[in-house]
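Trainee: I am new to this one. Could you take me through it step by step?

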Amino acid sequence: MAKGYLGLGSNMGDKKEYLDQAVEQINQHPSITVTKVSSYYETDPVGYTDQDVFLNVVVEIDTDLPPYELLSYCNEIEEILQRKRLIRWGPRTIDVDVLLYEDYTSNDEKLTVPHPRMWERAFVMIPLYEIAKDITNNGEHIEEIIKNLCKEGIRKVDYGG
Ligand SMILES: Nc1ncnc2c1ncn2[C@@H]1O[C@H](COP(=O)(O)OP(=O)(O)OP(=O)(O)O)[C@@H](O)[C@H]1O
Ligand SMILES: Nc1nc2c(c(=O)[nH]1)N=C(CO)CN2
């Protein structure tokens, strides 16, 4: 069994509903169990900025799927939830990224793990820190990494319940 972390983002339509459906789909796979879900964060768009704000969460999973099969399943969920790929870093109903998979590393274009841009993305690191306090990157603790990130444009959303 491997522990992994997935980053989810949505900035079209009912964003919370897309995130909730994606988490449900992840958990429905017979070889994946969702063990933790972060709070929801409303985040200003990074990269291509002329688009709606995102809603982001990070989930922790236990899985028997090997990394590429996990990626395929993440892509399948994006298809199911009808993500449209029109503009790079542009609007999407749902984006599911593989952030971490145990201590596995891969530099393949199809699957780069750890996700190559995660360490500089506050919309990933802040929800990740909520559910994984001991992550390190090249010996640097997640707390230190977050200290050096711009936290503007990241707002925790309380949906109640
Ligand atoms: N760790 C990873 N998680 C998800 N996709 C990955 C990963 N590493 C490489 N990829 C590849 O990245 C490709 C493009 O992914 P995608 O369109 O979701 O990028 P994006 O979400 O717009 O941007 P970003 O990768 O910066 O988050 C996918 O075809 C996928 O194979
Ligand atoms: N705030 C925010 N910005 C983004 C996001 C995202 O999920 N949240 N995803 C991107 C491509 O994966 C590009 N920019």
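Mentor: Start with a definition: a residue is buried if 20 or more other C-beta atoms lie within 10 Å of its own, exposed if 12 or fewer, and partly exposed in between, with C-beta atoms placed from the backbone. Residues are numbered from 1 along each chain as its sequence is written, while chains are lettered from A and ligands numbered from 1 in the order in which they are written. The model is predicted, so to speak of local features takes a pLDDT of at least 70, and side-chain atom pairs count only at pLDDT 80 or more, while totals for chains, interfaces and linings use all residues.

Trainee: What is the mean pLDDT of the protein?

Mentor: pLDDT is the predictor's confidence in each residue, from 0 to 100. In this protein, 94% of the residues reach 70 or more. The model also scores ipTM 0.97 and pTM 0.95. The mean pLDDT is 94.

Trainee: How many helices and strands are there?

Mentor: Helices (H or I, at least four residues) and strands (E, at least two) are DSSP runs, numbered from the N terminus. From that end the order is β-α-β-β-β-α-β-β-β-α-β-β-α-β. The count is 4 helices and 10 strands.

Trainee: What is the radius of gyration of the protein?

Mentor: It is taken over C-alpha atoms, and the globule rule is 2.2 Å times the number of residues to the power 0.38. The C-alpha trace spans about 40 × 35 × 35 Å along its principal axes. For 161 residues, a compact globule would be near 15 Å, and the protein agrees with its value of 15 Å.

Trainee: Which strand does β1 join through 9 bridges?

Mentor: Two strands pair if DSSP finds at least two bridges between them. Strand β1 (residues 2-10) runs antiparallel to β5, with 6 bridges; there G4 has Y101 as its partner. The 9 bridges are also antiparallel, and they lead from β1 to β4.

Trainee: Which residue of β4 is the bridge partner of T33?

Mentor: β2 (residues 32-37) pairs with β4 in the antiparallel sense over 5 bridges. β3 and β4 pair in that sense too, over 3 bridges, with E42 opposite L55. L8 has V57 as its partner in β4. For T33, the partner is D62.

Trainee: How many residues of β5 are buried?

Mentor: For comparison, β4 is mostly covered, with 8 of its 10 residues buried. β5 is largely enclosed by the rest of the structure, because its buried residues number 7 of 7.

Trainee: Which residues touch the most other members of the largest nonpolar core?

Mentor: A nonpolar core is a set of buried Ala, Val, Leu, Ile, Met, Phe, Trp, Tyr and Cys residues joined through C-beta atoms within 7 Å. The largest one holds 39 residues, and the members touching the most others are L6, A22 and L99.

Trainee: Which residues are in contact with A22, leaving aside neighbours within four places in sequence?

Mentor: Two residues are in contact if their C-beta atoms, placed from the backbone, lie within 7 Å. Beyond its four-place neighbours, A22 is in contact with L8, I77, L81, I94 and V96.

Trainee: What covers the buried residues of α3?

Mentor: α3 is largely enclosed, since 7 of its 10 residues are buried. Among them are F123, M125 and L128. The cover includes β1, β3, β4, β5, α4 (142-147) and β10 (154-157).

Trainee: Where is the cis peptide bond?

Mentor: Most residues other than glycine have a negative phi, and most peptide bonds are trans. Here, omega is near -5° at the cis bond. P114 sits in the loop between β7 (112-113) and α3 (122-131). The bond runs from V113 to P114.

Trainee: Is E102 buried or exposed?

Mentor: E102 has a positive phi, near 45°. E102 lies in the loop between β5 (95-101) and β6 (106-107). With 12 C-beta neighbours inside 10 Å, E102 counts as exposed.
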